[in-house]
Amino acid sequence: MNTENIRYGDGRLFILDQTLLPNEIKYIEMTCIEDCYDAIKRLAVRGAPAIGIFAGYSIALFHGNNLEKSAEYLISSRPTAVNLSWAVNRVSAAIKSGKSGIDEAIAIHKEDIEMCRKISEYGLSLLKDGDGVLTHCNAGELATSKYGTGLGPLILGKEKGYSFHAYVDETRPLLQGARLTSFELESHGIDTTLICDNMASLVMKKGLINAVLVGADRIAANGDTANKIGTSGAAVLAKHYGIPFYVLAPYSTIDFKCETGDDIVIEERDGEEIKTMFFERPSALPQTKCFNPAFDVTDNGLITAIITDRGIIRAPFDINLRKAINND
């Protein structure tokens with residue numbers, strides 16, 4: 001797939017509006033920090049690594065006269081995604097030290113491409129040709145830079161001649177699996193079957209799944225992981241059926257200031273997304289109350305391995321995640 005999710009050149013920043021996929025490919029130019037905040041908030045740009053890349057460019061270009069205020073404002077758009085604050089703080093520090101913010105943002109972008117390649121290679125080493133793989137949410141090139149995290153092994157494997165069958169959870173209510181993951185995998189010529197989220201147990205029971213691959217928005221120091229809502233359910237099912245459950249994410253996604261999953265702030269989104277988004281008519285009564293968290297936390301005991309650009313990390317995660325700090 002040649003569609004880039006973020007484009008920067010000659011001082012201009014564009015994003016592919018992912019809310020319109022797969023029916024329309026449209027690029028939108030960012031002109032101010034408010035545009036950037038809105039793009040992140042409404043999920044026009046999404047995926048922890050991609051948000052970080054985009055945020056780096058955003059703060060470099062549009063911090064205005066008050067860098068700290070602009071940084072705080074941008075970070076508040078998606079508080080769960082640690083890559084957002086990480087990138088904003090990194091570019092802000094570069095600006096404060098007299099360096100070029102845009103050069104730092106470009107460096108983050110290039111580093112992410114290399115990180116995704118490493119993650120994909122490590123992940124591919126755990127799969128076999130012909131495997132059936134379950135994915136949840138979207139963690140491919142649209143959510144990162146190239147290859148992706150959760151989808152990276154499938155995309156890299158296709159390049160190397162592997163044949164996989166991907167079973168893609170639709171991921172309600174935003175349908176990121178349906179709209180984005182199936183779009184990406186089909187674009188790469190990967191055999192893809194879209195399923196409703198609640199069908200995961202059946203395809204596992206039938207023996208169609210050999211591994212589950214998911215991305216992450218924040219990983220606590222003990223390995224508890226914030227993923228798209230519903231991921232922990234897939235992890236419970238994988239544990240029940242004896243299927244390896246792999247979390248794939250850049251090492252920067254690990255938040256060592258966050259000790260456990262209980263410390264991860266879960267973003268709660270507008271409940272109207274459940275009733276009205278992607279429907280021509282509301283799917284429930286106006287007075288029906290909704291609970292719409294964007295993430296849940298997958299307990300580290302359900303995770304087979306966390307695959308980062310610094311290697312494949314297994315339990316005990318509280319020890320081995322820290323050991324990987326210097327494993328470049």
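**Cavities in the predicted model**

Good morning. The second largest cavity has a volume of about 50 Å³. Please keep in mind that the structure before you is a predicted model.

Let me stay with this cavity for a moment. Which residues line the second largest cavity? They are Pro49, Gly52, Ile53, Asn83, Trp86, Ile108, Asp112, Met115 and Ser252. Sorted by class, this lining has five nonpolar residues, three polar and one charged. Turning to the elements, at least two residues of the lining are supplied by each of α2, α4 (82-96) and α5 (101-124).

I now turn to the wider picture. How many cavities of 30 Å³ or more does the count give? The count comes to three. The largest cavity has a volume of about 260 Å³. A total of 25 residues line the largest cavity, and the closest to its centre are Arg46, Gly47, Cys137, Asp217 and Phe295.

Which elements give two or more residues to the lining of the largest cavity? These are α2, spanning 48-62, and β9, spanning 225-228. The largest share, three residues, comes from α2. By class, the lining of the largest cavity has 12 nonpolar residues, nine polar and four charged.

To close, I would draw your attention to helix α2. This helix supplies at least two residues to the lining of the second largest cavity, and three residues to the lining of the largest cavity. Thank you.

Key. Residues numbered from 1 in each chain as written. Predicted model: local features only at pLDDT ≥ 70, side-chain atom pairs only at ≥ 80, totals over all residues. Heavy atoms only, no water. 1 Å grid on protein atoms, 1.4 Å probe; cavity = no way out; pocket = protein on both sides within 12 Å on 5 of 7 lines; lining within 4 Å. Points joined across faces, edges and corners; volume = space filled by probe spheres on them. Helix = DSSP H or I, 4+ residues; strand = E, 2+ residues; numbered from the N terminus. Nonpolar A, V, L, I, M, F, W, Y, C, P; charged D, E, K, R; others polar.
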